[in-house]
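Morning, everyone. Have a look at the screen first.

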Amino acid sequence: MTKQPTCRIAVLPGDGIGVEVIAEAEKVLRAVGERFGRQFLLERALVGGAAMDATGEPLPESTLALCRSSDAVLFGAVGNPKYDDPRAKVRPEQALLGLRKSLGLFANLRPVWVHPALADISPLRPELVRGVDLVVVRELTGGIYFGQPRVEGSERAVDTMAYTRAEVERIAHVAFRLARGRRRKVTSVDKANVLACSRLWRSVVEEVARDYPDVQLEHLLVDAATMHLIKRPRDFDVLLTGNMFGDILSDETSVLTGSMGMLPSASLGTSPSASLGGGRFGLYEPIHGSAPDIAGKGIANPLAAILSVAMLLRHSLAMEAEARAVEAAVAAVLDAGHRTPDIAAPGQPTVTTQQMGALVVEALGVGRA
Ligand code: IPM
Ligand code: MG
């Protein structure tokens, strides 16, 4: 047997339930390594509040350096009530923005689908959400998040929003390419009736669309999009958005499924990963936060983190079979009726975070050919 290259994965659990769910995701990665004969080197580093406690900084240089020398980053969550003051100069969330910018992670993919067994826990009627399967493709390193904020005393504050043609082009290509492997429909979201950035966005997206005549393109204004996502969520395939609209809409789409504890995400850069062909560098994280209210209780749902591992295998390591095996294992565990409290129906028995991780490892059939 030829020796497999070692995949270096930086593991940044962060704060709160991030630590608990990432521990289970690591177990699943190790199990994948065993079953498929892959070498994964998992190296941990501090980030967020945990890093501030230890070093005073949310994103220490050593953490960034580890990420830079890895093929992919597995990230938990950041945020600690201790550092909650939004006026503070240093905050845990800066770690995430810093990682995105410094690692050039411009494309954020947030898939949202409803597992048939979970349609009943959605706040919407089951017949509206059954079969929902969409991906938010959010531009992640531009727009108003990375403008020039200015505070003028206590009387005025200014944020600026800018987009360049090149920034819109590259994220639009990501959306169209993704749509080709799905239901071939892109819905681009903007506020072109008001914002100059959105008018540029719309015309560049239309130009890019000419390269993909097999993909249908529609435009929606962001206010209307919020409404249509609730009224007819099944009609959406790929939702292409700028940074801030994507932030807002992805929280909305995440509740269609009933629990944020199920949803993974990927943030991808441009460069191919260091050691393996086909993949590109990326950061993978559950879309939920650090949830300090339930941290340490062993009740957090690790499936979003585990499904983030599947995305990591697919996008950064080009290991499609391994990614599908993880997704199939999660589906099997859900089909068998295992539930953490966030996805349990009233009165249904529940499992702990660790038990859920162990069930997925078991379903992966470690050791089997
Ligand atoms: C997200 C989060 C972040 C964002 C925060 C924590 C900075 O809400 O990933 O959606 O606004 O991008
Ligand atoms: Mg958000």
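Start with the residue classes: Ala, Val, Leu, Ile, Met, Phe, Trp, Tyr, Cys and Pro count as nonpolar, Asp, Glu, Lys and Arg as charged, and the others, Gly among them, as polar. This is a predicted model, where local features need pLDDT of at least 70, side-chain atom pairs count only at pLDDT 80 or more, and totals for chains, interfaces and linings use all residues. Residues are numbered from 1 along each chain as written, chains are lettered from A and ligands numbered from 1 in written order, and side-chain values use heavy atoms, without hydrogens or water.

Now the pocket. On a 1 Å grid over the protein atoms alone, a pocket is an open set of points with protein on both sides within 12 Å along at least five of seven lines; a cavity is a set where a 1.4 Å probe fits but cannot get out; lining residues have an atom within 4 Å of a point. Points are joined across faces, edges and corners, and volume is the space filled by probe spheres set on them.

The largest pocket has a volume of about 820 Å³. It is lined by 28 residues, and P111, R182, R314, H315 and E327 are the closest to its centre. By class, that lining has 16 nonpolar, four polar and eight charged residues. Which helix gives the largest share of the lining? That is α11, with seven residues. Helices here are DSSP runs of H or I, at least four residues, and strands are runs of E, at least two, numbered from the N terminus. Elements that each supply at least two lining residues include β4 (107-113), β5 (133-139) and α10 (303-315).

Where does this pocket lie? Domain 1 (1-109 + 261-369) and domain 2 (123-257) both give residues to its lining, so it lies between them. Those bounds come from an automatic or database domain assignment.

Next, the cavities. There are two of 30 Å³ or more. Of its 13 lining residues, M161, Y163, G242, N243 and F245 are the closest to its centre. β8 (185-190), α7 (196-209) and α9 (243-256) each give two or more residues to that lining. It divides into eight nonpolar, four polar and one charged.

The second largest cavity is about 40 Å³. W113, V114, H115, L118, T257 and M262 line it.

Last, ligand 1. Around it, with a heavy atom within 4 Å, sit E93, R100, R110, R138, Y145 and D247. That shell has five charged residues and one nonpolar. Polar contacts are pairs of N or O atoms within 3.5 Å. A polar side-chain atom of R100 lies 2.7 Å from a ligand oxygen. For Y145, the distance is 2.6 Å.

Technical notes:
A polar contact is a pair of N or O atoms within 3.5 Å; within protein, one must be able to donate a hydrogen and the other to accept it, and residues adjacent in sequence count only if both atoms are side-chain atoms.
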